[in-house]
Amino acid sequence: MKNYVALALAAPALVAAQQSLWGQCGGIGWTGATSCSGSGIVCSTLNPYYAQCLSGTAATTTRTTTTSTTTQTTTPVTTSATTTPRTTTTTSTTTLSTTTRTTTAITPTGTGLDALIKAKGKKYVGFCADPGTLSNTQNQNIIKAEGGQVTPENSMKWESIEPSQNNYNWGNADSLVNFAQTNGKMIRGHTFVWYSQLPQWVSNINNKATLTSVIQSHVNTVMTRYKGKIYAWDVANEVFNDDGSRRSSVFSNVFGDWTFLDVAFNAARAADPNAKLCLNDYNLDYSSAKLTNFVQLVKDLKNRGVPVDCVGTQSHLIVGNSAIPSYKNTLDSLATTNTEVQITELDIRTSSSPSSSQISQQSTDYKNVVCGCMKTSACAGITIWGVSDKDSWIPSVFSGQGYALLWDANFNKKSAYTGFVSGINC
């Protein structure tokens with residue numbers, strides 16, 4: 001919107017390979033490469049669940065092993081509310097041996113929301129952005145300070161990047177990728193197969209073999225250019241109608257079934273085996289039929305060997321909606337796909353001139369959504385769909401509505417920001 005599962009036979013090759021700059025190289029549950037390629041690139045542990053190849057140096061620490069006599073001491077134990085005495089047994093004295101352990105120096109990629117969520121075991125807080133967004137210094141400063149990931153709002157969509165067949169406009173996408181790499185941010189790629197913002201030459205295709213070739217060529221060309229630089233891709237976007245039926249598009253109409261997804265995901269895996277491949281959709285939070293059918297589709301795709309690694313729920317929400325208090329239920333349902341779950345386009349809109357009660361409710365709603373992610377182990381991170389209300393897409397689409405983001409139109413933090421932080425700490 002403005003809009004691994006690799007074969008078992010391939011696993012040894014992945015483990016033996018080296019990750020490039022920004023690639024994942026470790027963490028709980030990680031089965032891929034654990035070393036990094038390139039001069040000065042080291043595997044840095046950001047939290048127990050995520051290590052990333054970053055520019056840096058290794059620091060050496062020395063640990064001494066000792067034996068000792070036994071003594072008892074009483075020390076106070078402090079909790080948030082009380083202080084109580086505790087008797088402990090400690091040992092010291094004779095040194096037996098000294099061992100040296102090398103650890104990697106860690107530099108967080110954000111000092112605000114991203115650092116907070118990483119400290120709690122998640123992978124990122126991110127923002128959508130494009131060169132237009134980044135031309136504003138205030139937007140840049142917020143992303144640098146608060147974010148650990150960026151998603152292109154429009155610059156990687158098909159009409160933007162390949163407006164005519166085999167003629168690519170790389171400028172805006174390259175600019176975003178360069179910004180992310182320069183500032184140590186992860187990138188989510190967005191998006192390949194989507195019914196909207198599609199060039200007319202693609203929409204005019206009516207032959208399955210031709211469309212198959214075109215999908216494969218487009219995915220391969222774009223992903224190869226940014227191979228090793230992009231953490232995850234929205235390979236397909238918004239493939240369902242709100243009633244849970246398959247959305248009409250040139251892809252679904254020409255193929256006549258869901259196998260256009262097989263083509264796109266398999267092409268993506270071939271182009272960049274280390275990128276996570278996502279199926280992304282909206283209104284999964286509101287429609288039980290849509291959510292149910294979305295989950296079943298992902299399971300069906302995986303059962304026939306299609307490499308879907310992650311699912312995305314956009315989460316364009318409305319302040320006070322009754323679905324928000326049970327938002328974690330949506331994430332739990334998505335987690336049954338046994339994929340990584342990502343909140344991909346979060347905003348919570350209300351009146352463009354909200355009342356004090358709406359502002360208060362928005363803070364509560366942000367807390368509930370973020371807390372839902374924090375309490376769902378499969379939920380990896382959250383992308384906010386915009387930086388400030390100044391540039392939000394919502395007023396141009398929903399008349400009289402807006403005020404949806406964490407910073408207002410003057411780049412001041414709102415109570416929604418406080419709600420977001422409360423959600424991380426829930």
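This is a predicted model: local features need pLDDT of at least 70, side-chain atom pairs count only at pLDDT 80 or more; totals for chains, interfaces and linings use all residues.
**View 1. The largest cavity, with a volume of about 50 Å³.** Sorted by class, six of the lining residues are nonpolar, two are polar and two are charged.

**View 2. Helix α8 beside helix α10.** Two packed helices are described by the angle between their axes and the distance between the axes. Here, α8 covers residues 208-225 and α10 covers residues 259-271; their axes come within 9 Å and cross at roughly 30°. Angles under 35 degrees count as roughly parallel, so that is how α8 runs relative to α10. The crossing of the α8 and α10 pair is right-handed. On the α8 side, the contact is made by K208, T212, I215, Q216, V219, N220, M223 and T224, and on the α10 side by T259, V263, A264, A267, A268 and A271. Taken by class, this α8 and α10 contact has eight nonpolar residues, five polar ones and one charged one.

**View 3. Helix α11 meets helix α12.** Look for L291, F294 and V295 in α11, which meet T330, S333 and L334 in α12.

**View 4. A cis peptide bond between H190 and T191.** Zoom in on the backbone here and you'll find omega at about 0° for the bond joining H190 and T191. T191 belongs to strand β10, which spans residues 186-193. For background, most peptide bonds are trans.

**View 5. N166 and its positive phi.** Where does N166 sit? Find the loop between α5 (158-161) and α6 (171-182), and N166 is in it. Its backbone is worth a look: N166 has a phi of about 65°, a positive value, although N166 is not a glycine. As a rule, most residues other than glycine have a negative phi.

Conventions
Residues are numbered from 1 along each chain as its sequence is written. Side-chain values use heavy atoms; hydrogens and water are left out. Contact means heavy atoms within 4.5 Å. Helices (H or I, at least four residues) and strands (E, at least two) are DSSP runs, numbered from the N terminus. On a 1 Å grid over the protein atoms alone, a cavity is a set of points where a 1.4 Å probe fits but cannot get out, and a pocket is an open set with protein on both sides within 12 Å along at least five of seven lines; lining residues have an atom within 4 Å of a point. Grid points are joined across faces, edges and corners, and a volume is the space filled by probe spheres set on the points. Ala, Val, Leu, Ile, Met, Phe, Trp, Tyr, Cys and Pro count as nonpolar, Asp, Glu, Lys and Arg as charged, and the others, Gly among them, as polar. Axes are lines fitted to C-alpha atoms, for helices over the stretch in contact, and angles run from 0 to 180 degrees between N-to-C directions. Angles under 35 degrees count as roughly parallel, over 145 as roughly antiparallel, 65 to 115 as roughly perpendicular and the rest as oblique. A crossing is left-handed if the near helix is turned anticlockwise from the far one by less than a right angle, and right-handed if clockwise.
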